[in-house]
Amino acid sequence: MPEGPSIIILKELVASFKDQEVIAATGNSAKIDLNRPVGKTILDFKSWGKHFLICFDDYTIKIHFMLFGSYRINERKDSDPRLSLQFRDGELNFYACSVKELEAPLDEIYDWSADVMSKHWDPDKARDRLLEQKDAPVCDALLNQDIFSGVGNIIKNEVLYRIRVHPATKTGDLPKKKLDEMIREAVNYSFDFLEWKKDYTLKKHWLAHTKKTCLRCDLPMKKEYMGKTNRRTFFCDNCQVKYPDS
Ligand SMILES: [Zn+2]
């Protein structure tokens, strides 16, 4: 599943279609009116976490890649696209994703301060929101898109390994210093992810995600499906502390 940084990369890759007119729209998405974008100019591409937003003057098309979504720019896959937008000198194709129309202004729909990669990101608000969910394990809190929009499973695993916190720790049991570290590293790791992904070296930099051995302890890593989110969680229960620390 593309995490927030991958959507930032997509936004950069399609920038040349901004201010271009859509001359045809096709696809097998039943949820949207394919006539509606035709003849309209794309005013902007935006993102909120994992949401990719195609902005027109009177509405927005929202793409969410879910678990298996993908895209092609000026290329096609063998499968049918959910949405294909044609321009005079190119095309954008989206596959196996959710496509929806948003009517309200984006500022009414999205809280940009919750997006870890947004210039409006607000760590103090994240802290307040985390403290409202004291019983949630940190492995779920990091995936909560209302708190850390854009953070996905890879970022979750890497952040917790980086700050040496056990994924089953309840948010309310984190010492203040560790809570602040988790908020800070969720952002730092997202920007590292962005750089590494652009260099095609993301996997090479994984320290926890899919790893079998802890580099710090030379002991086997655990792999469990944890939390309400039930996502693959990789951790070392030797050096990642479960708070309260006994
Ligand atoms: Zn370890």
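Phe-87 stands opposite Gly-90 in β7. I start there, and then go through the two sheets.

First, the conditions. This is a predicted model, where local features need pLDDT of at least 70, side-chain atom pairs count only at pLDDT 80 or more, and totals for chains, interfaces and linings use all residues. Residues are numbered from 1 along each chain as its sequence is written, and side-chain values use heavy atoms, with hydrogens and water left out.

Strands here are DSSP runs of E, at least two residues, and helices are runs of H or I, at least four, numbered from the N terminus. Two strands count as paired if DSSP finds at least two bridges between them.

Back to β7, residues 90-95: five bridges join this strand to β6, residues 83-87, and the two run antiparallel. They belong to an open sheet of four strands, ordered β1-β6-β7-β5, with antiparallel pairing. Because β1 (24-26) and β5 (70-73) each have a single partner strand, one side of each is left without a neighbour in the sheet. On average, neighbouring strands in this sheet are turned by 10 degrees against each other, direction ignored. Angles run from 0 to 180 degrees between N-to-C directions, with axes as lines fitted to C-alpha atoms, for helices over the stretch in contact.

Now the other sheet. Four strands form an open, antiparallel arrangement in the order β2-β3-β4-β8. At the edges are β2 (44-48) and β8 (98-102), each pairing on one side only.

Lastly, five bridges join β4, residues 60-64, to β8 in antiparallel fashion. Lys-62 has Lys-100 in β8 as its bridge partner.
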